[in-house]
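This report goes through one structure part by part. Please keep the sequence and the 3D view at hand while reading.

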Protein chains: 2
Amino acid sequence: MQMDERKRRILRAIIQDYIVTAEPIGSRTIARKFDLGISPATIRNEMSDLEVLGLIEQPHTSAGRIPSDAGYRYYVDCLMEGIELAKEEKAIIEQETAKRISEIQQVIAHTSKLLSQLTSLTSIVSGPLKEKNTFGQIHFLPYQPGEAIMVIVKENGVVENHIVDIGHEVSPEELQRLASILNEKMRGQSLKKVKKELLHEIYRELTRQRHLIDESQEMLAVILDSCEEKEQVYLGGALNMLNQPEFKDLSKIKKLFRFFEEDQSLKKLLQPAHEGLNITIGGENIFEEFHDCSVISATYRIDEDTLGAIGVLGPTRMNYSKAIAIVDFMTQSMSENLARGRKRY
Amino acid sequence: MQMDERKRRILRAIIQDYIVTAEPIGSRTIARKFDLGISPATIRNEMSDLEVLGLIEQPHTSAGRIPSDAGYRYYVDCLMEGIELAKEEKAIIEQETAKRISEIQQVIAHTSKLLSQLTSLTSIVSGPLKEKNTFGQIHFLPYQPGEAIMVIVKENGVVENHIVDIGHEVSPEELQRLASILNEKMRGQSLKKVKKELLHEIYRELTRQRHLIDESQEMLAVILDSCEEKEQVYLGGALNMLNQPEFKDLSKIKKLFRFFEEDQSLKKLLQPAHEGLNITIGGENIFEEFHDCSVISATYRIDEDTLGAIGVLGPTRMNYSKAIAIVDFMTQSMSENLARGRKRY
DNA sequence: TTTAGCACTCATCGAAGGAGAGTGCTAACA
DNA sequence: TGTTAGCACTCTCCTTCGATGAGTGCTAAA
């Protein structure tokens, strides 16, 4: 059996209706709502075919049909026409992504909030991958006696500060020397390399120059910690899930939210199958919890270098064209801005 | 009518049972579960009295009784005996509060996570009030050409860094001079004062020395922003609410979570009626959303100076003695640590 | 090939009724 | 006079049972 134009029209009608109503739809209702020029009986026959093809299914015998995962997949791949965002929406996104904020957490938080507001879905935003990151400079600033502020600048533009205990009073000159040792060893090196190889070397160097600093443990621990790839992931608009009729029972909500609480898992949701835009529908998702959800995600990059990803999560019955348009435009806007804005993050 | 010992025993039995089961309890069940040495009929008479006193109530005629807000209040004030935390719990709390972390966000996040884990309730933790804070030092570090890293150290120990655009290349000496101007004006001044008075003065000073720096707007904007009292509030274990039988209908959950999404309102939940430990039961709460919740909160301080607050939120039917013991011990432990740990935050 | 007609299925809703837990009242008891 | 047993009554909860209605598949006619 083959898909023909009439089958396609009916499938599209079913999906478009279901996206709005979340109710199974029957042949009679389709004939009434959509002007297809054929009678319910004909539609019934076609629907029977569509069911054999696996594109729609019946929750139970006497209910209407709903799209299956395969149906959505067919819709997304072959039926759906892309939409253009409204000017205002574009303007808001461009405006928001153009902001230059040095605190990476804030950028992520803002982005995810905006994304969930625009789509009415749940958004997931991941920050830059640290593994591709390298050390820039390290500075020391005086603080309380016996303590110093260590400022670590990474080459993707992230700046961190840590307060470190140095055990006894040190002169600015000593701190200066310490900084130059660290900088000499670490500048331009990847976090991974520093973690795996250079830390020992630095430790040896520092113990050799024992007069320089007594207690370097804490400082090295801070550097080590800074190398860890605890990638930031941010979730926005999780509450939107509560509004979806498919999540009206508490146990589903619990499962979902429990999942959301683990950053590590969340990150995996965003892991792209390939560069660019990814669409994961229902059962395609690796996590069983999201077998009735779909994820639209995309990566943002700077000069071909993937930095992070953003995505939206909603019921399989989401408005795909809108979600895709927004995620797509947003990553583009972010990437352009990063390219323009001088390699920040 | 007066409370006598027998009434007190019965009230305590009702509350203790309800805290565990969340089910109304009847005279027969009380007689069976608790060894009070009196018959169901007698208990019935006493319960009737307790109802007249407003300490318990009936959901409907043929159900058992449940404690009223006033009943809980009486329990907390007069009946409940304080408990001692287990050694392990104390150890965990002390260990966690002893950690010295320079990122204030992390401290708050950790604390709130721990608190919700220990109590199985939802926790709210607020960071130090910025209004009581004063500027310490400001440093500039070189960054990309035309940009600099501005490190702001506040006297409560918070360190912030910001990347500022300075429009054209400046030498380290120029940055040094700039820093000394800012430090001279701002060191030791409260954020409020800087915001209200000193910023203009600094601006005037900078324009007078126009050769020093061309575009100081962004820098000043950053300082202004740093003065804003956007107090951090953190919520932990909101999911625990989902496990409470009183929140099994979705509309309540929605209301609650919608409330949680607004930091501003959340902060108000913690606002203490007085110093020390605060207990707000059910309808005593200013927010209608929390009329079937109770809040146990306490402030942590350094040298008599209140810095912030922590609290737990749960159904009115919470384990008060446990929650109180934990919140109390935790604030004490935090305060002691702050005092010992050299005025960090 | 399309359509009208018809018998059939099944979820949903409301009414009816039994079970169970709990109460208040009365009268007897210590 | 306080305590207790007995009993009628109340009200929620659960189950059962039709009625309703939306939807289907099949058959036969157009």
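## The surface near DNA strand D

In this predicted model, three helices each supply at least two residues of the surface near DNA strand D: helix H2 (27–33) and helix H3 (40–52) of chain A, and helix H3 (40–52) of chain B. The largest share comes from H3(B), which gives 4 residues.

In total, 21 residues surround DNA strand D. The closest are A:Ser27 from chain A and B:Arg6, B:Thr42, B:Thr61 and B:Ser62 from chain B. Sorted by class, the surface near DNA strand D has 13 polar, 4 nonpolar and 4 charged residues.

## Contacts to DNA strand D

Sugar or phosphate holds 76% of the atoms of DNA strand D that lie within 4 Å of the protein, and the rest belong to bases. One contact to a phosphate involves A:Ser27, one of the closest residues: an N or O atom in the side chain of A:Ser27 is 2.8 Å from a phosphate oxygen of DNA strand D.

A:Ser62 takes part through its backbone, with an N or O atom 3.2 Å from a sugar or linking oxygen of DNA strand D. A base is reached as well: the side chain of B:Arg44 has an N or O atom 3.3 Å from a base oxygen of DNA strand D.

Of the atoms of DNA strand C that come within 4 Å of the protein, 78% belong to sugar and phosphate.

H3 of chain A, helix H2 (27–33) of chain B and H3 of chain B each supply at least two residues of the surface near DNA strand C. H3(A) gives the most, with 4 residues. The surface near DNA strand C divides by class into 4 charged, 4 nonpolar and 13 polar residues.

## Contacts to DNA strand C

Contacts to DNA strand C involve phosphate, base and sugar or linking oxygens in turn. A phosphate oxygen of DNA strand C is 3.1 Å from a backbone N or O atom of A:Ser39. A base oxygen of DNA strand C lies 3.3 Å from a polar side-chain atom of A:Arg44. From chain B, a backbone N or O atom of B:Ala63 lies 3.4 Å from a sugar or linking oxygen of DNA strand C.

## Where chain A meets chain B

The two protein chains also touch one another, with 35 residues of chain A and 35 residues of chain B taking part in the contact. About 3,300 Å² is buried between chain B and chain A, and carbon and sulfur atoms give 52% of that area. Within chain B, the residues that lose the most area to chain A are B:Asn161, B:Leu239 and B:Leu250, together 17% of what that side buries.

Which polar links cross the interface of chain B and chain A? There are 4 residue pairs in polar contact, while the number of salt bridges is 0. On the side of chain B that touches chain A, at least two residues each come from strand S4 (135–142), strand S5 (147–154), strand S6 (159–165), helix H10 (240–243) and helix H11 (250–260). S6(B) has the largest share of that side, 6 residues. The residues on that side of chain B are 14 nonpolar, 10 polar and 11 charged.

## Domains and salt bridges

Chain A is divided into domain 1 (5–79), domain 2 (87–129 + 231–340) and domain 3 (134–227). The centres of domain 2 and domain 3 of chain A, taken over C-alpha atoms, are separated by 36 Å.

Over all chains, the structure holds 33 salt bridges. One of them joins A:Glu89 and A:Lys322, whose closest N and O atoms are 3.3 Å apart. This pair links distant parts of the chain: A:Glu89 sits in helix H5 (residues 87–98) of chain A and A:Lys322 in helix H12 (residues 320–340) of chain A, 233 residues apart.

How values were computed. Residues are numbered from 1 along each chain as its sequence is written. Chains are lettered from A and ligands numbered from 1 in the order in which they are written. This is a predicted model: local features need pLDDT of at least 70, side-chain atom pairs count only at pLDDT 80 or more; totals for chains, interfaces and linings use all residues. Side-chain values use heavy atoms; hydrogens and water are left out. A residue is near a molecule or strand if one of its heavy atoms lies within 4 Å of it. A polar contact is a pair of N or O atoms within 3.5 Å; within protein, one must be able to donate a hydrogen and the other to accept it, and residues adjacent in sequence count only if both atoms are side-chain atoms. Ala, Val, Leu, Ile, Met, Phe, Trp, Tyr, Cys and Pro count as nonpolar, Asp, Glu, Lys and Arg as charged, and the others, Gly among them, as polar. Domain bounds come from an automatic or database domain assignment. Contact means heavy atoms within 4.5 Å. Buried area is the accessible area (1.4 Å probe) that two parts lose on being put together, summed over both. A salt bridge is a side-chain nitrogen of Lys or Arg within 4 Å of a carboxyl oxygen of Asp or Glu.
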